[in-house]
Every structure is written in C-alpha cells, then in structure tokens.
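Let's look at how two protein chains sit against each other. Have the model open while you read.

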Amino acid sequence: MSPRLRWRKFVSGFMLTMTGVCALVAVSVLFLILGYLAIHGGASVNWNFFTKLPVPVGETGGGMANAILGSAKMLLLATLFGVPIGFFGAIYLAEFSGSTTAFFVRYAADLLNGVPSIVIGIFAYGLVVHPFKQYSTLAGGFALGLMMIPITLRSTEEFLRGVPNPLREAAMALGASKWKTIATVIVPAAYRGILTAILLAFARVAGETAPLLFTALGNQFWSPGWTHPTASLPVMIYTYALAPYDDWHRQAWAAGLVLLVLILVINIVARAILSRGIAVPRS
Amino acid sequence: MQASVRPALSVNLPPIATSALARETPEALAMRMTISKLDFFYGPKQTLFDVSMGIAVNKVTSLIGPSGCGKSTLLRTLNRMYETIRGARLRGEILLDGQSILAQDVTALRRRVGMVFQRPNPFPKSIFDNVAYGLKINGSKLPISDAVEKSLRHAALWDEVKDHLHKSAYELSGGQQQRLCIARALAVEPEVLLLDEPCSALDPISTAKIEELLVQLKDICTITIVTHNMQQAARVSDFTAFLLTGQLIEFSPTPQLFTTPGDPRTEAYITGRFG
C-alpha cells in the first residue's frame, strides 16, 4: 500500500469514528437526562405524588396533584386558544392567500416562534394580569396559547401544502366550492400531519416555565376555577429546586421526570400517527 | 335539470364548424356546447386566438395538436377550471345548452360539465366514498348506493370492485383508478364529460379499456377529450379539432380530418412531420 493510500484510509477511518462518536453523544444526552432524573426522582414518583397536595416544610410525603391539575387546565386553555387560530390561519395561508401576504404572515409567525418565552410571559402579564390585578389560570393558558399559535400554524401549513394539487382540482371539478374542497378533501388528506403538528406544539409548551412565572404565579393549594393563581409542574420544579430542603429537591426531580416522560410520550404518539403513512401518496 | 330533457338546440354555428359537421352528419347540428370567438390569456400572454367550434350532443369530440398548442387550455375553459389560475382570463362566448357558462354559478356549471384529469387523482377515501363524493356535496336526494353502483357500472369497474367497495381507492391499479375517476365524474350525471389526456399515465391495456368505455359513454353524455395520441383520436372520436399555437386550424369529422385534411398544417401534423 502506498503511503498516500494509507493516509487516505486513515483520514476516512478517523472521520467515520469522529462523526459516529458525535452522533452517539447527541443521542446519549437524552438518555443521560432520563437516567439522572430516574435516579434522583424515581423513588418520589408514587401514588401520593399524583394525588396529594404539597406539604409544609419539615413534613415528608405530599405530592403535586395541584400542579398536575394546574398544568392540565392551562394546557387545555392554551390548546383551545392557540390551535384554532393556528389551524385556520394555516388554511388561509395555504389555500387562499397570495404569495406576498403569505410571505409576511409566515415571516411574522417565524419571528413570533423565536420570541423568548419570558417575553411572551411579560406580554401576557401586561395584557391579562395587570388590568385585572390577578394572576390566574386564564392568564397562564393565554401565554401558553400564544406560543402554540406559530408552531401549529407553520407545521399545519406545511402539511396542507403537501396535499397534491390534482386532489383540489378533482373536488372543484365536481362542483365543490373552495371551502367544501378544503373541508372534505384537503384537511382529511392532511389530518395525520395536522394532528402531529398539534401534539408537537402541545409538547413544546407543556414544559414552558418562563411564561407562567408572571401569569399563573404558583400556588401551594388547589386553585378553584380559572381566575386564581395556580400551581404548574414547570414552576413547581423551579421553586422546589431553588429551595434549601432535600425533600423538596427530591420532589423537583420527580416532577421533572413526570414532565419529561409526558413530553416523550406525546412525541412518540405523534410520530406513530405520522408513520402510519401519509394518507396521500406523493407523486 | 336540463340534462334529462336533452334538447336538440339549433344554434348559429360559426362557419368552420357548420361546414364540417353539415357535410357528414346533419343531426350533429344539435350542439351541447358552442364556443365562439374565444381568446384566452395567461396574464399578458395570449394562448388561444379566436377559437370557434361546437361540441355535438352525444358525440366524442377530440382536441389534438402539439404540446403547448392550447388544447388543454381550451378544455379547461369549458368547465371554467382555468379560473383557479391567477391572471387567467378569456374573451368571447361559450354556451352550454344555449346559455352562457360565464353567467352561471361556477359550482353549478361544474356539476353539468364533469372532468377527468391526466393522472388518476382519486381522493384518499374508499372506493365507495370517491364515487359518492359528488352526490354528497351536492346534497343529492337519490339513494346514494344505487347511484354509486350505476356509475361504477357505467365506468366498467363494478365487477372488479363490487366486493371491496370500502377499500382505499389507492389499492386499485392505475387504470382502475382512472376508471374510478370517470365513475366519480359520472355520478353527478353531467351533460358533458371533459377528459384531459386521460390515458397518458396508463399502460396500453388500461388505455384500451378506457377507449372502449368512452365509445359506450356517448349514449349517456357528450364527451370532449384532449389527447396527444392521434391514433387515439382516430379510434374514439366522431369529430376532431386540430389546434396549433393557439389557433383552431381545422375542425372536421374524424375520418375526414385524418384521410383528407383540408389544411396543409393538419396534414403535416398527422403525417408526423412535426409535433
């Protein structure tokens, strides 16, 4: 073997190893985090964690039932608020708007997507919390919903655009109006993708802490109705992790584990829906 | 609906069509559609120039010509599908049963003038739902399953699919999908069926089936077909229109156009000297 060939083989082997190691590191971060959370918080994830209120400092036991319910209520509000706006906005972009309007709306959505979540929190504080002088579940849901809009909008639009044009023509040639075509052919053809988009947007905001600090605040007890400060899992993690008590640290680890598993499960479900096949073969 | 009456309309035809049709088939003067002095524009670019012709009732009329001659554009004016393209507009008159198609509601027009496209484009739904689609969106009062069976029989597909009507349309072969698209168009009982190169994505056997079908379908509707395949036009159609660079060069009964073309350009095209 000539020295030159040997050198080339060496470079090739070296690069292959290096890229492989980097890929491995990228993947292992997720499992490291999961493992770390499981070690520190696994023991605290028990029936009480899901059913009991937090207990005062010094007592052991207790759970985060109020935070779980608070998160669920705010995510429900966020979905009800953000998903319809994103969904119908995407229909407008993909099916009705001219290219100039679409360009600006898309650009604005991308910028909104890039707005730091803490800024979204301040905005929601100024708009909802300050005028009513009240931290609330509503305000938290509003802030999270704002974040869901651009994510839902952009990915829904992509999936709608993926529906082949001949399907639109086929429906319209049968005498379907534009809206009928969208409602009976295009959205059904893209529904897997749209569902995935919504789930991913949901998973994305489920772990947001910053927008909730100024809006939902936090609460050690149940939050009745929709107009009172409420606990949430991410804020609970933040508060408990900063406190100087070992018991609270364990609870924070447990909450982190629960939150991460929830998000992972949503992601996996979303991918499973998508991989059952796009309904329409791409030509 | 006028479809059931099928009036034999005598309309004033432009000279080219009259002369061509009157010679061979006097009864063909019953015109389902009449196109007069049609100019068509995509933005500033004119793609059809002063086209005048008639589409005879219960006949097959084919439009031939080289790529870019405007034959698909002409077809797409007949059910106003051109309107989905921004900047497209036309000048002139197109009549369906004596009434201007531009004056009527476009969705109503498209129920009367059905269309089948170049590539099979069934919806991602079951075979049954594909055929039933037009009936459902038009709020048909007919028993849907009877109408679906009738349309599938007309499209010569019933025997092949009757046992799995609820399977996805994508499980059918390309030729079957195209016949499904024909059945879907027939379900709303159009007076005119437009076909835009319906066999260009199909194998020879599927093509033969569709050609056979078109000849049978003449009895229930009026057919206009765009094709780049001259043999196909000769096999299936009663009248043939030859277009070149947006102009209607010749419009004659099919045997006449292919045996004794009246224009040297037609002769050059059908003998394969260009296109």
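A:Glu169 and B:Arg76 join their side chains in a salt bridge, 3.0 Å from N to O. The term stands for a side-chain nitrogen of Lys or Arg within 4 Å of a carboxyl oxygen of Asp or Glu. Across the interface of chain B and chain A, the rule finds 1 salt bridge.

A quick word on ground rules: this is a predicted model, where local features need pLDDT of at least 70 and side-chain atom pairs count only at pLDDT 80 or more, while totals for chains, interfaces and linings use all residues. Residues are numbered from 1 along each chain as its sequence is written, chains are lettered from A in the order in which they are written, and side-chain values use heavy atoms, leaving out hydrogens and water.

Here's the interface in numbers. Contact means heavy atoms within 4.5 Å, and buried area is the accessible area (1.4 Å probe) that two parts lose on being put together, summed over both.

| Interface of chain B and chain A | Value |
|---|---|
| Residues of chain B in contact | 24 residues |
| Residues of chain A in contact | 22 residues |
| Buried area | about 1700 Å² |
| Share from carbon and sulfur atoms | 66% |

Now zoom in on one residue. Which residues does B:Tyr133 touch, not counting those up to four places away in sequence? In chain A, its partners include A:Ala171, A:Leu174, A:Lys180 and A:Val185. In chain B, B:Tyr133 touches B:Phe123 and B:Lys125.
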